[in-house]
Amino acid sequence: MLVLMEIWESIRDFVGTGGQVLYVVAIALFLMWVLMIERYWFLLSEFPRMTKEIVGKWDARQDTTSWYAHRIREAWISEASEKLDQRMLLIKTLVAICPLIGLLGTVTGMISVFETMATQGTGNARLMASGISMATIPTMAGMVAALSGVFFSSRLEARARMVKAKLVDSMPHH
């Protein structure tokens with residue numbers, strides 16, 4: 001319990017130094033990771049079952065060579081592809097937004113620095129330091145959030161392309 005209290009204190013100190021914008025970065029990061037975990041779960045558990053069902057329906061067909069059969073095959077592959085690509089645009093958007101939210105923190109931190117300079121002058125560096133850290137920490141947090149999202153979302157996309165290709169290969173069109 002004591003360890004959790006210390007972790008919570010560290011987080012509060014970090015947010016106190018970086019400003020309220022860090023909460024927005026944390027929300028975007030949390031949502032991005034929930035969506036990516038859901039997509040990984042879909043790829044590893046749901047999609048193989050769906051693939052097996054589609055391939056089973058294709059293998060059970062008498063006609064696999066006519067124009068009509070090819071359109072049915074394309075429709076099934078298209079439906080599966082659409083399910084694979086669900087929420088990927090939202091994940092990419094969240095990845096792209098994280099650094100922008102960090103830049104919003106930079107702007108608010110610099111406004112704080114300029115307000116301090118306007119009221120106190122430039123002689124007190126200690127007063128300006130809090131605004132400068134409020135300007136740099138959100139940018140760093142947004143970049144770290146985006147980097148984790150870029151890496152794992154690109155891995156997710158590559159895996160989706162791979163299983164989509166396996167589906168196409170497992171449904172031969174004669």
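Begin with Gly-19, which lies just after helix 1 and takes a positive phi of about 95°. Helices here are DSSP runs of H or I with at least four residues, numbered from the N terminus. The model is predicted, so that local features need pLDDT of at least 70 and side-chain atom pairs count only at pLDDT 80 or more, while totals for chains, interfaces and linings use all residues. Residues are numbered from 1 along each chain as its sequence is written, and side-chain values use heavy atoms, with hydrogens and water left out.

Next, select helix 1, residues 2-18. Its 17 residues should span 24 Å at 1.5 Å a residue, and the end C-alpha atoms are 24 Å apart, which agrees. The expected span is 1.5 Å times one less than the number of residues.

Move to Arg-87, in the loop between helix 3 (67-85) and helix 4 (88-120). Its phi is near 65°, a positive value in a residue other than glycine. Most residues other than glycine have a negative phi. Arg-87 counts as partly exposed because its relative accessibility is 34%; buried means under 20% relative accessible area, exposed over 50%, and partly exposed in between (1.4 Å probe, protein chains only).

At 2% relative accessibility, Arg-39 counts as buried. Its side chain makes a polar contact with the side chain of Glu-38 at 2.9 Å. A polar contact is a pair of N or O atoms within 3.5 Å; within protein, one must be able to donate a hydrogen and the other to accept it, and residues adjacent in sequence count only if both atoms are side-chain atoms.

Then show Ser-153 in helix 5 (residues 125-169). Ser-153 is buried, with a relative accessible area of 8%, and its side chain reaches the backbone oxygen of Val-150 at 3.4 Å.

Finish at the largest nonpolar core, which has 36 residues; Phe-47, Ile-54, Leu-84, Ile-91, Leu-167 and Met-171 touch the most other members. Helix 2 (21-60), helix 3, helix 4 and helix 5 each supply at least two residues of this core, and helix 2 gives the most, with 14 residues. Such a core is a set of buried Ala, Val, Leu, Ile, Met, Phe, Trp, Tyr and Cys residues joined through side-chain atoms within 4.5 Å.
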